[in-house]
Amino acid sequence: MSEGEFRALRDIIREEFGLYYDDGKQFLLQSRLALRLAKAGLESFDAYSAMLRNPRTRETEMRELTSVLTNNETYFFRERAQLKALVGGVLDEIRGGVRVRPLRIWSAACSSGEEPYSLAMTLMESGRLRPDEFEIYASDISDRVLELAQRARYQSLSFRATEPGMLQRYFEPVGHEYRLKDEVRRHVRFFRLNLLDQQALSGLQEMDAIFCRNVLIYFDRVTQKRVVESFAQRLTERGYLFLGHAESLFHLTDYYEPILQPDTIVYRRRAKEARA
Ligand SMILES: C[S@@+](CC[C@H](N)C(=O)[O-])C[C@H]1O[C@@H](n2cnc3c(N)ncnc32)[C@H](O)[C@@H]1O
């Protein structure tokens with residue numbers, strides 16, 4: 001891959017997905033794309049760029065591309081302190097204003113489903129909401145992980161932070177896998193969404209809380225800001241945003257105020273008038 005080819009492809013990828021490959025990551029990008037080149041039977045990275053620009057091939061190839069570019073690492077009950085914060089103080093606050101409709105929580109980069117299903121199990125375990133009092137929405141850009149999420153069968157790596165009691169209560173062993181029970185699955189609605197697609201985002205319902213964890217780290221600062229500020233449009237007046245522990249809004253935006261919770265920080269949407 002020449003430097004020119006690297007730059008051209010990196011710009012297309014950044015614009016489409018927000019994923020940023022800095023100069024030190026040329027080799028990484030090259031090895032990831034080599035797979036797609038081989039599948040498409042192309043001999044140069046220039047030809048691959050042309051394929052991504054061609055309106056006839058663009059959409060299909062972009063979808064394929066996500067499966068080699070994204071890191072889909074996830075597991076059940078990841079960053080448990082945040083789940084505790086949700087059913088602790090946060091729930092009281094967001095529920096205060098919403099009694100006429102079910103609570104809506106969105107897992108905005110849900111990968112193979114462990115995060116939204118953990119949210120559903122956490123809310124069920126809390127005993128604080130009836131089954132018809134909450135809905136979980138879950139989206140990702142990758143068709144491949146969304147298929148896995150809907151299949152809802154998991155292997156041991158997904159359970160590295162799961163208490164044995166939860167595994168017994170909510171899963172059934174099937175061969176070497178565990179199948180999630182329907183009572184949890186029915187709370188979650190999956191759909192495909194690119195976080196950079198402002199139009200798709202603006203079509204979503206208003207959410208009480210958004211979990212967007214461990215994906216912003218792959219975006220450059222401009223894209224991070226754009227994405228979290230567009231979440232503010234989808235959140236209720238005092239809705240909450242939950243980020244991964246390596247992600248922070250510090251020096252990025254004043255659309256949210258950090259709220260300290262036991263062992264974690266969560267972000268509450270700021271009223272427009274309170275922003276700088
Ligand atoms: C590391 S996983 C995080 C999964 C889960 N949120 C967690 O914390 O365990 C990152 C996910 O972000 C998704 N992703 C990457 N870029 C995206 C984009 N532009 N729009 C939507 N999802 C994206 C990937 O497909 C991947 O499934």
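How many residues of domain 1 are in contact with residues of domain 2? Select both domains to see: 10 residues of domain 1 touch 11 residues of domain 2, where contact means heavy atoms within 4.5 Å.

This is a predicted model, in which local features need pLDDT of at least 70, side-chain atom pairs count only at pLDDT 80 or more, and totals for chains, interfaces and linings use all residues. Residues are numbered from 1 along each chain as its sequence is written, and side-chain values use heavy atoms, with hydrogens and water left out.

**Domains.** Colour 3-69 as domain 1 and 80-274 as domain 2. These bounds come from an automatic or database domain assignment. The centres of the two domains, taken over C-alpha atoms, are 29 Å apart.

**Ligand shell.** Now select the ligand. Around the ligand are 21 residues, each with a heavy atom within 4 Å of it. The closest are T74, R78, A109, D140 and N214. By type, the shell holds eight nonpolar, eight polar and five charged residues. Here Ala, Val, Leu, Ile, Met, Phe, Trp, Tyr, Cys and Pro count as nonpolar, Asp, Glu, Lys and Arg as charged, and the others, Gly among them, as polar.

Next, show the backbone of F17, I141 and R213. A polar backbone atom of F17 lies 3.0 Å from a ligand nitrogen. For I141, a backbone N or O atom is 3.4 Å from a nitrogen atom of the ligand. For R213, the corresponding distance is 2.9 Å. Finish with the ligand surface: alone, the ligand exposes 610 Å², and the protein buries 99% of that (Shrake-Rupley method, 1.4 Å probe).

Key
Polar contact = N/O pair within 3.5 Å; in protein donor to acceptor, adjacent residues only side chain to side chain.
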